[in-house]
Structures are given as structure tokens and as C-alpha cells.
Amino acid sequence: MIENEKIREELLNAVNGLTDEQLNAHPEEGRWSVIQVLDHLYLMERAITKSIGDKLQSDERIPAVDKPIELTVNREVKVEAPSYLVPSDSYQTLQEVKDKLAESRSAFVQLIDNADESDLDQKSFPHPLFKDLSLKQWIPFVGLHEKRHLLQIEEIKSKL
């Protein structure tokens with residue numbers, strides 16, 4: 001979890017100082033703005049928290065072998081976000097998105113902190129590329145996913 005917090009801090013530092021206009025700008029046609037990337041991270045964290053919560057409530061135990069989730073940061077491999085994780089086109093301020101990210105992180109941390117370690121080890125749900133991931137691996141995946149998008153944010157910023 002400490003690594004996730006470091007990555008979140010890097011992410012927020014990367015966008016501090018940008019105006020809301022810059023954050024909502026689309027320097028490339030058909031690509032996300034910085035604010036949309038941040039909104040996607042909020043939607044993703046919320047969805048993962050819900051899925052982990054559902055699995056923790058369930059009696060179903062499906063152990064999963066560890067997957068090479070560190071490959072998540074490789075931006076050479078393009079991944080299409082599922083429709084429920086595609087951010088809206090609506091104009092948002094940095095403060096609005098920061099508040100949403102703080103809320104999703106708080107819910108995620110609270111859930112993980114109160115989870116039983118054996119449940120995290122023995123329960124899983126599928127990832128689009130890695131297939132079944134243990135709940136335990138979904139925790140660092142959140143940070144790795146943000147790190148992947150931090151690289152995307154840096155690319156967008158260089159084109160602003």
C-alpha cells in the first residue's frame with residue numbers, strides 16, 4: 001500500500017500547476033485529456049474496490065497464481081478500457097477530480113485494511129489481460145495502473 005501512496009503522490013504532483021483548461025484540453029484528436037485520465041483512475045479504483053468487496057463477502061474461494069502484473073506499466077501494449085471505465089467528456093476541475101480520487105482511495109484503503117489476509121490470498125477475480133488475479137495482487141495492481149497512466153499524463157503534458 002505504501003508504494004500505491006507514493007505513486008498517487010507522484011501522479012498529483014504531475015498535474016499540480018496545470019490550469020483546469022490545460023487539464024481538460026485534448027492535444028490529440030480521439031485521445032483522453034489529463035482530466036479524463038484522472039477520472040479513469042477514479043473509476044478504476046472504485047470498480048476494483050467494489051469487486052474486492054464483493055469477493056470478500058462471498059464464500060467462493062478461487063486461488064490464483066501470481067501474474068507478472070509489473071507488465072502493466074508497459075505502454076507499448078495498448079489496452080482498451082471497458083466501457084464502464086471510460087471517463088466522461090464533461091469539463092471537470094482538478095479539485096473535483098482530486099476529491100473523487102481521495103474518496104476512492106479512502107474506500108480502497110479501508111476495505112483492504114479490514115480484510116482477512118487469507119481471503120486476500122485465496123480469493124480472486126479476473127483481469128482482462130492477466131485473467132484470474134488474487135485479491136492480494138489487485139492491491140499493487142492499482143498503483144501499477146496509476147503508474148502506467150502517469151506516463152500517459154507526462155506524454156499529454158508534453159503536447160500541451
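Biologist: What volume does the largest cavity have?
Modeller: This structure is a predicted model, and every value given here is computed from it. When the whole structure is searched, 1 cavity of 30 Å³ or more is found. The largest cavity has a volume of about 80 Å³.

Biologist: Which residues line the largest cavity?
Modeller: Rolling a probe the size of a water molecule over the atoms shows where empty space is left. For the largest cavity, the residues that form the lining are Pro-27, Glu-28, Arg-31, Trp-32, Arg-75, Gln-152, Glu-155, Ile-156 and Lys-159.

Biologist: Which element gives the largest share of the lining of the largest pocket?
Modeller: The largest pocket has a volume of about 800 Å³, and the elements that give two or more residues to its lining are H3, strand E1 (124-127) and H6. The lining is made of 33 residues, and those nearest the centre of the pocket are Val-79, Glu-80, Ala-81, Arg-148 and His-149. The largest share, 6 residues, comes from H6.

Biologist: Is Ile-7 buried or exposed?
Modeller: Ile-7 has its place in helix H1, which covers residues 2-15. Beyond its neighbours within four places in sequence, Ile-7 is in contact with Gly-143, Leu-144, Glu-146 and Lys-147. Its relative accessibility is 2%, and the limit is 20%, so Ile-7 counts as buried.

Biologist: How far apart in space are Ile-7 and Lys-147?
Modeller: Lys-147 is among the residues in contact with Ile-7. Along the chain the two are 140 residues apart, but from C-alpha to C-alpha the separation in space is 6.3 Å.

Biologist: Which residue has a side chain joined to that of Gln-36 by a polar contact of 2.9 Å?
Modeller: Gln-36 is found in helix H3, which covers residues 34-57, and it is buried, with a relative accessible area of 4%. Not counting residues up to four places away in sequence, Gln-36 touches His-26, Arg-31, Pro-87, Ser-88 and Asp-89. The polar contact of 2.9 Å joins the side chain of Gln-36 to that of Asp-89.

Biologist: What distance separates the C-alpha atoms of Val-86 and Trp-32?
Modeller: Val-86 lies in the loop between H3 and helix H4 (94-113), and at 41% relative accessibility it counts as partly exposed. Leaving aside neighbours within four places in sequence, the residues in contact with Val-86 are Trp-32, Leu-43 and Ala-81. Val-86 and Trp-32 are 54 residues apart along the chain, and their C-alpha atoms are separated by 9.5 Å.

Biologist: What is the phi of Lys-131?
Modeller: Most residues other than glycine have a negative phi. Lys-131 has its place in strand E2, residues 131-134, and it is exposed, with a relative accessible area of 53%. Although Lys-131 is not a glycine, its phi is positive, at about 65°.

Biologist: Is Ser-134 buried or exposed?
Modeller: Ser-134, like Lys-131, is found in strand E2. Leaving aside its neighbours within four places in sequence, Ser-134 is in contact with Ala-64, Asp-66, Leu-120, Asp-121, Lys-123 and Ser-124. Because its relative accessibility is 4%, Ser-134 counts as buried.

Biologist: How far apart are the C-alpha atoms of Pro-126 and Leu-23?
Modeller: Pro-126 lies in strand E1 and is exposed, with a relative accessible area of 54%. Leaving aside neighbours within four places in sequence, Pro-126 is in contact with Lys-131, Asp-132 and Trp-138. Leu-23 is 103 residues from Pro-126 along the chain, and the separation of their C-alpha atoms is 32 Å.

How values were computed
Residues numbered from 1 in each chain as written. Predicted model: local features only at pLDDT ≥ 70, side-chain atom pairs only at ≥ 80, totals over all residues. Heavy atoms only, no water. Helix = DSSP H or I, 4+ residues; strand = E, 2+ residues; numbered from the N terminus. Buried < 20%, exposed > 50% of the residue type's maximum accessible area, 1.4 Å probe, protein only. Polar contact = N/O pair within 3.5 Å; in protein donor to acceptor, adjacent residues only side chain to side chain. Contact = heavy atoms within 4.5 Å. 1 Å grid on protein atoms, 1.4 Å probe; cavity = no way out; pocket = protein on both sides within 12 Å on 5 of 7 lines; lining within 4 Å. Points joined across faces, edges and corners; volume = space filled by probe spheres on them.
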